Amino acid sequence: MSATRIPDAAPPSLVTRAESSEATVVEVAGRRVGNGWLGLVAGPCTVESREQTLAAARAVAAAGATWLRGGAFKLRTSPYSFQGLGAEALDILAEARAETGLPLVTELVDPRHAREVAAVADVIQIGARNMHNAPLLSEAAATGKPVLLKRGPAASVEELLMAAEYLLKAGNGQVLLCERGIRTFEHSTRYTLDIGAVPVLKRETHLPVIVDPSHAAGQRDLVLPLARAAVAAGADGVLVEVHPEPERALCDGPQLLPTDGFAAFADEIRAVAAVVGKRLG
Ligand code: PEP
Ligand code: MN
């Protein structure tokens, strides 16, 4: 890629888009992301209760989301913040998944949870704070489930590709990359959405690239414009956080889209997708 490659490392090869390589499509239960199929991944930041999770899941399913997301185990910056309901949340997510029929994305934060998370998850999320955690990447790859790998807030595009290379090298080729904002001097948004990373990644790798405008923005009014920009820039999907009562949320309240506005949000995404020749997968 660039001349900045770490000298002792071989360049990533399995993730690299060769002239001949076809775009990877990640497919779960017939719901596809990549190669013209756009993913709309939506759901709560974190499972707070059965009612809150089912309300969010029903709303996103009704609006046409393609995958459901929700955190059971959370990695919070402060040890005093809500850490997630853990195993109890997995049961709630399993119910939401069964009721909506949507494939479920949930985060693995600890190798010791791999088995119980993989029993419920259709797609294993590796969070931004764990992108460099090679032992965790190995556990995620070994579940055999597709892995949604988020870019670390201080990781370069090349480091993201190298982290994905660990997953492919471990034999798991069903990998999605997620740009979710990086840390810069700019504080008017929670992170800076690196929109340029989208076409760069699309050029460098055959893996689908999705964008999380919720964590990048940190403010709900910015989520739609950033999501539209992501799809226009060539992203294969967007991942957004939704809540029935954002003002009462235990995690990431200011960035959560209210469920009652989500159908309109999905319509906007479909409209931009049509312009760039993509369909919800
Ligand atoms: C999340 O998607 O639930 C999350 C915690 O995001 P990130 O790892 O990007 O901070
Ligand atoms: Mn969140």
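1. L137 is buried, with a relative accessible area of 1%, where buried stands for under 20% relative accessible area, exposed for over 50% and partly exposed for values in between, with a 1.4 Å probe and protein chains only. L137 belongs to helix α4 (residues 134-142), helices (H or I, at least four residues) and strands (E, at least two) being DSSP runs numbered from the N terminus. Its C-alpha atom is separated by 24 Å from that of P44, which is 93 residues apart from L137 along the chain.

2. This is a predicted model, in which local features need pLDDT of at least 70 and side-chain atom pairs count only at pLDDT 80 or more, while totals for chains, interfaces and linings use all residues. Residues are numbered from 1 along each chain as its sequence is written, chains are lettered from A and ligands numbered from 1 in the order in which they are written, and side-chain values use heavy atoms, with hydrogens and water left out.

3. Distant parts of the chain are linked by the pair C45, in the loop between β3 (37-43) and α1 (50-63), and E241, in strand β10 (residues 237-243), the two being 196 residues apart. Both C45 and E241 are buried.

4. Which residues surround ligand 1? They are R69, K74, E107, Q125, G127, A128, R129, K150, R180, H215 and E241, each with a heavy atom within 4 Å of the ligand. By class, this shell divides into one nonpolar, three polar and seven charged residues.

5. Oxygen atoms of ligand 1 lie 2.7 Å from a side-chain N or O atom of R69, 2.8 Å from a backbone N or O atom of A128 and 2.6 Å from a side-chain N or O atom of R180. Taken alone, ligand 1 exposes 290 Å², of which the protein buries 95%, the areas coming from the Shrake-Rupley method with a 1.4 Å probe.

6. Strand β7 (residues 147-150) is covered on both faces, with V147 and L149 buried on one side and L148 and K150 buried on the other. Strand β6 (residues 123-126) pairs with β7 in the parallel sense over three bridges, pairing requiring that DSSP find at least two bridges between the strands; the bridge partner of I124 in β7 is V147.

Technical notes
A polar contact is a pair of N or O atoms within 3.5 Å; within protein, one must be able to donate a hydrogen and the other to accept it, and residues adjacent in sequence count only if both atoms are side-chain atoms. Ala, Val, Leu, Ile, Met, Phe, Trp, Tyr, Cys and Pro count as nonpolar, Asp, Glu, Lys and Arg as charged, and the others, Gly among them, as polar.
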